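This is a short report for a reader new to the structure shown below. The overall fold comes before a single residue.

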Amino acid sequence: VQLQASGGGSVEAGGSLRVSCKVIGTNFRLHRMAWYRQAPGQQRELIADITNDGKQNYVDSVKGRFIISRDNVRRTMYLQMNSLNPEDTGVYYCNRAPEPFPSWGRGTRVSVSS
């Protein structure tokens with residue numbers, strides 16, 4: 001399975017970014033998928049997930065600011081991130097939830113300046 005995250009970048013606090021994840025090598029529509037974030041010096045944590053039929057869940061720190069979505073035809077998942085703050089800085093990875101695929105891919109880096 002290949003997980004190709006893209007779309008990260010550097011923004012100022014209050015800005016927005018949309019990251020994407022292309023999933024190759026598995027039947028994407030069968031899986032609950034998630035975005036994970038690894039902040040500098042921290043462990044990777046799940047921040048949002050979406051079931052195969054579109055039900056979304058968020059951790060409190062991103063609830064109301066981030067929106068997870070998926071396109072089962074394009075085998076792609078998205079994370080729209082609004083009202084970004086410096087605490088959102090990190091590498092964003094996509095993977096299955098709750099049992100991730102073994103290979104995480106490179107992720108995409110997001111840097112938010114104050």
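What share of the contacts in the protein between residues at least 6 apart in sequence join residues at least 24 apart? The share is 53%, where contact means heavy atoms within 4.5 Å.

## Basis

This is a predicted model, in which local features need pLDDT of at least 70 and side-chain atom pairs count only at pLDDT 80 or more, while totals for chains, interfaces and linings use all residues. Residues are numbered from 1 along each chain as its sequence is written, and side-chain values use heavy atoms, with hydrogens and water left out.

## Overall fold

The protein has 10 strands and zero helices; strands are DSSP runs of E of at least two residues, helices runs of H or I of at least four, numbered from the N terminus.

The radius of gyration, taken over C-alpha atoms, is 13 Å, which agrees with the value near 13 Å for a compact globule of 114 residues (the rule is 2.2 Å times the number of residues to the power 0.38). The C-alpha trace spans about 40 × 25 × 20 Å along its principal axes. Of the 114 residues, 41% are buried (under 20% relative accessible area, 1.4 Å probe, protein chains only).

## Thr 89

Thr 89 sits in the loop between β8 (76-81) and β9 (90-96). A polar atom of its side chain lies 3.0 Å from the backbone oxygen of Pro 86, and the side chain of Thr 89 also reaches the backbone nitrogen of Val 112 at 2.9 Å.

Leaving aside residues up to four places away in sequence, Thr 89 touches Ala 39, Pro 40, Val 110, Ser 111 and Val 112.

Note on methods. A polar contact is a pair of N or O atoms within 3.5 Å; within protein, one must be able to donate a hydrogen and the other to accept it, and residues adjacent in sequence count only if both atoms are side-chain atoms. Buried means under 20% relative accessible area, exposed over 50%, partly exposed in between (1.4 Å probe, protein chains only).
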